[in-house]
Amino acid sequence: MSALQWVFLVTALITVSAAVMMVASRRMMHAALWLAVALLGVAVVFVTLEASFFAVVQLLVYIGSILIIIVFAIMLTQRSTEAGPRLNPFAWGAAGVAGVVWAALTYIFIRWLMSGTPLQELGASFDDVVPLGKALVDAEGFAVPFEVASVLLLAALIGAVYIAFERRGEGS
Amino acid sequence: MAVFWQDPITFLRLWLENLLLSWGVPADWALVIRFAVGAVLLVTAALLLVILQLWLERKLIGRIQDRLGPNRVGPWGLLQPIADVLKIFTKEHITPAGADRIPFNLAPVLSVAAALMVWAVIPFSATVFGADLNVGILYLLAVGALGELAIILAGWGSNNKYALLGALRTVAQLISYSVPMTLSALVPVMFSGSLHLSVITRAQEVWFIVLAPVPALIFLTASVAEVGRAPFDLPEAESELVAGYSVEYSGLKFGFFYVAEFLKAFTVSLIFAVLFLGGWRGPGAESYPVLGFVYLMLKSGIVYLLMILFRGTLPRFRIDQVMDLNWKVLTPLALILLMVIALADYFLRGTLPLVRILGLLCINGLAYLVLDRVLSSRERLRRRLVAQPVRPVARPENLITSSDVGGRS
């Protein structure tokens, strides 16, 4: 086996076991930490696929924002330090749904590999940032979804400011 | 084949590569080994640099404060940091009762790791860099998030209210200041048309600090705040918070945080030198890459000295002043400058280089003046103290928002 395959195997093993530990850990905070390991593992997989932009975005968005928000939410909720039950009552149902989705995805990818058009290898020197950036603002490309997403984010921002705004007369 | 005295690192890299290949190691494994050796060497060099930095900082701060600084161990006290490191090794590790062990022990390691990970993408000379990442700047910003995570974990895992309070306000400060930092880092990206740090370095025929002095100033201020040094050292304001998130740490674990702090300070100087001071560029750096390394270190050393000067001369901000400076001054200024510079550079790009430089300089100066006007006209509306009479306290002089009457608001 080549070195890249070994790197992938080790990463995959760490990622998957971190995901399992995340579901199975008794404390919410530990679950969040295991989630961080799993997300980092996915970033490493992106790196081995030479998709450095996606690896960095994975780090920036998931660990930099989402995970920190999750950790804050856990810190601000009550009883976050106590150990809870290992699995919640819906665990087996959720595992079943996840298993079905995984099987369906695997089936689709295998069929695609069998019959679909073979993917082109782009090589390490391929700069994926420029085409992506152009596609995001191109009217032929993804300009409309991009703008819709930014309007959504703006609405969320205004909503957050409205909720947090201190009204005159109430409170200090 | 590179010659040793022109480019020692590349010479050694090729030598190691050939050695491994001659031993019959497959090419892809040779690559993995090469990267691993490079990473270990880079990390060791960075950590050794911290020892020198500790000495320099203590000596200079000592001189600023009219003391001698360390002068007992070794010539000029040069061995003092080594003695300190050895001392810290012998100290006891204390885990507070009720602490969450995993986050508590993970936090110091993660803190140092986050600072070291930045070094992976810095182009140290024309030929020497860790990972040749085409999204280098994004990576720099992304890795900072790991440092924030480490601080939250330290504060939360310690099971201590002071630590948690310190961690919360540190993270508030870090998240806030990464906004102007990112916005001003976009200016070099616009000038060079790439997120790749090597390309940004090569594009600096004229240093970007000349083309965009105000964004450079914003970036420097925001990065000083990002590493939590004076005057933004609220995270460990000794007189207010005991020691912030690191209050429960002792021995080597505290040492990790301490090292991470100094390492981050030098790392942001390095980033500033790469983005705005032309990185390794300098006379002869193309043909003698080792010279480029010297230039880069000199430039980031100068930025670091500036940061020591800040620390030695500026009093600490209050938390509301820190937030005001960020959200009312730096962020709007960075946003406006980003748009104005983008437009101006679009029109000035075809003209003579001198015209372009002067035009951009004028625009920077203009933006600064307009902001100064707006802020001083708002001066009357500034918050008044309600509960207590104004007393003469030492206040950090903010060049932009300070009033002529000094301490009174």
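## Polar contacts and salt bridges between the chains

In this predicted model, one residue pair is in polar contact between chain A and chain B, with both residues at pLDDT 80 or more. A polar contact is a pair of N or O atoms within 3.5 Å; within protein, one must be able to donate a hydrogen and the other to accept it, and residues adjacent in sequence count only if both atoms are side-chain atoms. Salt bridges between chain A and chain B number zero, the criterion being a side-chain nitrogen of Lys or Arg within 4 Å of a carboxyl oxygen of Asp or Glu.

## Extent of the interface

About 2300 Å² is buried between chain A and chain B, 83% of it on carbon and sulfur atoms; this is the accessible area (1.4 Å probe) lost on putting the two parts together, summed over both. Contact (heavy atoms within 4.5 Å) joins 27 residues of chain A to 27 residues of chain B.

## Nonpolar surface patch of chain B

B:Val3, B:Phe4, B:Trp5, B:Leu12, B:Trp15, B:Tyr288, B:Leu291, B:Phe293, B:Val294 and B:Leu298 make up a nonpolar surface patch with about 960 Å² of accessible area together. Such patches comprise residues with over 30% relative accessible area and no salt bridge, nonpolar side chains (Val, Leu, Ile, Met, Phe, Trp, Tyr) being joined within 5 Å and like charges within 9 Å.

B:Phe4 lies in the segment before H1 of chain B. Its relative accessibility is 44%, so B:Phe4 counts as partly exposed, that is, between buried (under 20%) and exposed (over 50%; 1.4 Å probe, protein chains only).

## Basis of the values

Residues are numbered from 1 along each chain as its sequence is written, and chains are lettered from A in the order in which they are written. Local features need pLDDT of at least 70, whereas totals for chains, interfaces and linings use all residues, and side-chain values use heavy atoms, leaving out hydrogens and water.

Key:
Areas by Shrake-Rupley, 256 points an atom, 1.4 Å probe, with all protein chains shown as cover. Helix = DSSP H or I, 4+ residues; strand = E, 2+ residues; numbered from the N terminus.
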